[in-house]
Amino acid sequence: MSAVTTPARNASGGMNVKTLNRIVIYGLLALFALFYLMPLFVMLVTSFKTMDEIQNGNMLALPKAPTFDPWLKAWGETCVGLTCAGIKGYFWNSIKMVVPAVLISTMLGALNGYVLTKWRFRGATLVFGLMLFACFIPFQSVLLPMATILGSLGRFGVTLQNATGTSFGLGNPTVNLVFVHVVYGIGFTTLFFRNYYEAFPTELVKAAQVDGASFFQIFRRIMLPNSMPIFVVTVIYQFTNIWNDFLFASAYAGTGDSMPMTVALNNVVNTSTGVVEYNVNMAAAMIAALPTLLVYVLAGRYFVRGLMAGAVKG
Amino acid sequence: MAFLEIDGLRKRFGQVEILKGIDVELEKGGFLVLVGPSGCGKSTLLNTIAGLETITSGEIRVDGRTINDLHPSKRDIAMVFQSYALYPNMTVAGNISFGMEMRGVPAAERQKAIDKVAKVLQIGHLLQRKPSQLSGGQRQRVAMGRALVRDPKLFLFDEPLSNLDAKLRVDMRIEIKRLHATTGTTIVYVTHDQIEAMTLATKIAVMRDGEVQQFGTPAEIYNNPTNLFVADFMGSPAMNLIPATIGTSGNALSVVLQREAREPINLPMANAPAGLSAFQGKPIIFGVRPEALTDPEGAERNASHIATADCHIEVVEPAGSDTFAVTNLGGRGVVARLRADANIQPGTSTPLAFNLTKAVFFDPATETRIR
């Protein structure tokens, strides 16, 4: 008899334990999510409050009279160092730097991955190994040598300017940052694309060769159109990294009109004109974070898919 | 002069020699099948003809022109790949016309060529679909369409049917044969399936370890294998290769087959191959195909030389169209092919007719044919 009843009792007991487990797991997850989202919440709420409300109210309270003024002020009026024209100029600086840096590094990564997998040459593995190694070089160790190189490029730019009337962008801080980020990013973008193309059927390349397509025609017509997932992954990764970079930005474009958003944001917060305008600072920080947020929202679903595609064959 | 000529072709990857001097030729409109177990170099050979692999030495000529160092697109060839290799981002029409587009053929002309090929292969209704929306057989057709549309001198097929299920494979095999018959194109075809080789080819090259073991018509390969490997590889069910010795019966040579717990079978031979007399009293391999080992009533009537012997039947396999019986000779299971309605019971003894005109003999030491 007991042999018959025991499994039933176990089953019902198992159900209870299972439900309890679920409650604990989801409870903890909710707690962590809350903890993680708290700063974002405070930022968002504060950016819509007036200074009075901030000074007299609760930090976590919702704004009583939501106002867009801090956002407008951050965008167009707040002081960055000595100039008080808002952060909009610096926002565009970042865009002007990030877009070419992301596109160039992604295209070079794709080209590298294509060559390293479909046009194998003697020592291809070694080259790839060295490129992988580039992913592990710490930022700090690059700072000084890169400063020297950029200095030389700048002087060469001046020489060019004198000789031809144009410096071809050499010595321009934005161009310098694009250069630095492209060089530093190639390791990662190559890694992404190589792993993706490793699983890419080589027969397609052979078929295109028989069809008479050239090296670049195969790349443009066959490889790239079938690389959407990894392309998105690489763009998100590079965009986030380059947009958020502070170290290179402050080292090579830390002053003047061409400083990127991250440096400008730091200066907004550090510029004191009497009272600290928390709402404006928070709004500026939100504006600085928006583009990366937007990229994730628009292309996020490809992100996981692309990461998987690179990792698992097929 | 043959249409496709391959002379002393060698291919080396580092220290490993993949192709060890291949000599093959094919007449215009012929169908050459390269067959062999995996790793024998047949796909590499095809890739060298296509120009997708370089060659170490030797010469490949098509229509009298040496194409050794030409780019694949300049060789006037078309290739059908094992995985079909359809471009996933293009429609069927785009796939078929990509090659023409690369060669700068005007759009109107491309459209005309697409329509023509679509009609031949009956894929007109699929032209605007993407490859992912097609079934296996349809993809196969599109892959062939992409090759056909170029109207090349030479078609190369790299195991085109191996990804299809059994029934579709038979259908497509017939379709390829029909296509070859109607268009009269010259085809080189790689497969590991010896039935595909037998049914499609006008010439077969059986390959092993980078060497051509035998090159000839399907009938030559089937009836006159030059060595043990070819005899064993071609034919299904495989040829019975029975260890035996050569004895005498009267003043003729005879084949002596050992049996379990019984006296050996002694099959006298009326016209043994000349080389066999040197093997008197020595071991040989006696090769007889299942259809040449049958019940006496089902034996070929006009075969000049048939010897009959009692055999102990171990297993009977009725296969519908035939009945296969397994007996044990020389320590091996030996398959005999009987009529479907042959009255035969496992565990009994039955007379079997050996058609000795179809029998072949091999030297066990060198594995070559004794002629």
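This is a predicted model: local features need pLDDT of at least 70, side-chain atom pairs count only at pLDDT 80 or more; totals for chains, interfaces and linings use all residues.

Trainee: OK, in what order do the strands of the chain B sheet run?
Mentor: The sheet is an open one of four strands, and in chain B their order is E2-E1-E4-E5, with antiparallel pairing. Strand E2 (16–26) and strand E5 (65–66) of chain B are the edge strands, since each pairs on one side only.

Trainee: And which helix packs on that sheet?
Mentor: That is helix H1 (residues 42–50) of chain B, which touches E1, E2 and strand E4 (57–62) of chain B, and whose direction makes about 65° with that of E2(B).

Trainee: Back to E1 and E2, how many bridges do they share?
Mentor: Strand E1 (residues 4–13) of chain B pairs with E2(B) over eight bridges in the antiparallel sense. B:Ile6 has B:Val24 in E2(B) as its bridge partner, while B:Lys11 stands opposite B:Leu19. The two strands form a hairpin with two residues between them, and B:Gly14 in the turn has a positive phi of about 60°.

Trainee: Switching to chain A, why is H8 called largely enclosed?
Mentor: Helix H8 (residues 202–210) of chain A has seven of its nine residues buried, so it is largely enclosed by the rest of the structure. Among the buried ones are A:Leu204, A:Val205 and A:Val210.

Trainee: What do those buried residues pack against?
Mentor: In chain A they pack against helix H4 (88–118) and helix H9 (215–223), and in chain B against H1 and strand E6 (77–80).

Trainee: And what follows H8(A)?
Mentor: A:Gly212 follows H8(A), and its phi is positive, near 95°.

How values were computed:
Residues are numbered from 1 along each chain as its sequence is written. Chains are lettered from A and ligands numbered from 1 in the order in which they are written. Two strands pair if DSSP finds at least two bridges between them. Two residues are in contact if their C-beta atoms, placed from the backbone, lie within 7 Å. Axes are lines fitted to C-alpha atoms, for helices over the stretch in contact, and angles run from 0 to 180 degrees between N-to-C directions. A residue is buried if 20 or more other C-beta atoms lie within 10 Å of its own, exposed if 12 or fewer, and partly exposed in between; C-beta atoms are placed from the backbone.
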